[in-house]
Amino acid sequence: MSNTAAQGLPTPPPNLRESQLRAAVAERDEVIAQQSQQLVQLQSTVNELSEQLQRLKDQVLEAQRKRFGQSSERGRYLQEDLFHPLEAPIPEQDEEEAAAQAPTKRRKTQPPRGRRALPPELPRETMRYDYDDETRAQLEAQNGGPLEEIGVDVTETLEYAPGHLYVKRHEVPKYAIRGDQGERTIVSPPRPSPPIPGAQVGASLLAHTVISKFADHLPLNRISQQLARDGYDVPRQRLCDYVLLSASVLAPLADLIRQDALASPVLHSDDTTVPQLEKGRRQTRTCRLWLYLGRGREDGIIPVFYDYTTNRSQEGPLAHLRDYQGYLQADAYAGYLNAERIQAALVWCACWSHARRPFEKIARKHKQRGRVHLIMKLITAIYQVESRLRRQGINDPELIRQERQRRTVPILKRLRRLLDRILPSLPPRGEFAGAIRYTLNHWQALLRFTEDGRLEPDNNRGERALRGVCVSRKNWNFTGSENGGHALAILLTLLETCKQNGVNPRHYLIDVLERIQDHPANRLHELLPYHWAPLAQSCGEHASPD
């Protein structure tokens, strides 16, 4: 019966059934298209997230490699303050004297406390300052007979010789001279001014403190412990004052070195971070220490100057480079590039070490040889040319330029063709593409070392001059104030200039600290490390504990 009812239903027209099918198919196609578009978007998101994940993994691996891996590019005890923050430190005030000056009740019978006497068990060396023969003869003629010595002014300073402390006695005799009418006049011969007026410290101990801290990378508390073992306890705070005062005495020499560095035809520059304590903040402030190393001078000297700034603003380097004329070898910091735009006579030369490092990081991750290894091979060939020139003893700038034009320029041309061919096939946000773009963006600056034999392919010389700061920073952790940072720059200027010019820093500092207070201001250039000639045996060289 149901079949009979079904047979009685009306049959839809054929054209209506066809239109419905077409609408259903169109709707299905539209849904498929939307789903396909969503799949494409999701796949793009997945790819982007995958690249981001890979970049984060690479950053973690790179951080682990820097901390635990090989550092070569081949193949909480915190010191309270590094430098005393006071503007005018008191060199001879230790903890006992500070406690004595505190507003506490004191018995009337207690005698006043003065400067702590140097231990009598320390060996003594006597230095007597007297008139020369000519002056003595004139005074004796005026006196009508031999001079009458009526006393001696004695001043003791603490000195240091390698391995032991000793005391130097400075004796200045006093003579009485009778005048024409019988009156007596007291006269004394002059004595050289001390390195730090009023301080109970000699030049040798100042030099030892400075060298131990900035050349041997020892914090002041360890230096204080060392001196205590050698026979006398010098508080760490007093050593802080000695460092600040030594820097203020030597500051004019550092400024002369700066002038010589900026007068050099080739200037290397780089910077590194230095943490600094700041009042009102629990965290340290990240400051900067800038290096300026001059080369290529006709007299052969190598002046090295350091500058300290509280930030990485361009004003720091521009203050020195605004009037500089010559080649500047440095990284691609914006301040250096702006200096080239401001000063037409400044020519910036890029660093091949900075261009090479990203490729080296990528090559470390890929064990199988590929395109990045070919790039590294060509860059290595550039340095092989430089090594061959050094082995052959070629030092003439013109001969070096000719060899680079003949051997290095063809390698650079091949490298440029390879980079241009690889870049279009790489993901634009990839690490490999970024390394190639950095090299191509600074290509002309990277080629400049082939134009002048005085130039070097990289700024490694400047980076090596900052390496000691990085080692020291792990020991003394931070500077205590901005004044301490400037003192750091001044003392590093003298020490690194001595190192670059083959001068013994201990002998130099002892002699210069003994002479600089009485040296004519218009002849201070005679005390620069590359012009220095000692007048006498340095203090402390012949002292013995016997």
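Author: Buried means under 20% relative accessible area, exposed over 50%, and partly exposed in between, with a 1.4 Å probe and protein chains only. Helices (H or I, at least four residues) and strands (E, at least two) are DSSP runs, numbered from the N terminus. This is a predicted model: local features need pLDDT of at least 70, side-chain atom pairs count only at pLDDT 80 or more, and totals for chains, interfaces and linings use all residues. Residues are numbered from 1 along each chain as its sequence is written, and side-chain values use heavy atoms, with hydrogens and water left out.

Reader: Fine. How many residues of helix 5 are buried?

Author: 12 of its 12 residues are buried, so helix 5 counts as mostly covered. Among them are His208, Ser212 and Lys213.

Reader: What span should helix 5 have?

Author: The expected span of a helix is 1.5 Å times one less than its number of residues. For helix 5 (residues 203-214) that gives 16 Å, and its end C-alpha atoms are 16 Å apart, which agrees.

Reader: And how far does helix 11 reach?

Author: Helix 11 (residues 371-391) has 21 residues and reaches 30 Å from its first C-alpha to its last. That is close to the 30 Å expected. Gly393 follows helix 11, with a positive phi near 75°.

Reader: Which residues of helix 11 are buried?

Author: The buried ones include His373, Met376, Leu378, Tyr383 and Glu386. Their cover includes helix 10 (352-365), helix 12 (397-422) and helix 13 (431-441).

Reader: Why does Leu378 count as buried?

Author: Because its relative accessibility is 7%. Leaving aside neighbours within four places in sequence, Leu378 is in contact (heavy atoms within 4.5 Å) with Ile411, Arg414, Leu415 and Leu418. Leu378 and Leu412 are 34 residues apart in sequence, and 7.9 Å apart in space, C-alpha to C-alpha.

Reader: Switching to Asn143. Buried or exposed?

Author: Buried, at 16% relative accessibility. Asn143 is in helix 4 (residues 133-143). Not counting residues up to four places away in sequence, Asn143 touches Ala176, Ile177 and Arg178. Asn143 and Ile177 are 5.4 Å apart, C-alpha to C-alpha.

Reader: In which sense do strand 5 and strand 8 pair?

Author: Parallel, over three bridges. Strand 5 covers residues 266-276, and strand 8 covers residues 326-329. Val266 stands opposite Tyr327 in strand 8.

Reader: Last one. At what angle do helix 7 and helix 17 cross?

Author: Roughly 105°, with the axes of helix 7 (residues 236-262) and helix 17 (residues 505-515) coming within 11 Å. That makes helix 7 roughly perpendicular to helix 17. Angles under 35 degrees count as roughly parallel, over 145 as roughly antiparallel, 65 to 115 as roughly perpendicular and the rest as oblique. Val249, Leu250 and Leu253 of helix 7 meet Tyr508, Leu509, Val512 and Leu513 of helix 17.

Notes
Axes fitted to C-alpha atoms, helices over the stretch in contact; angles between N-to-C directions. Pairing = 2+ DSSP bridges.
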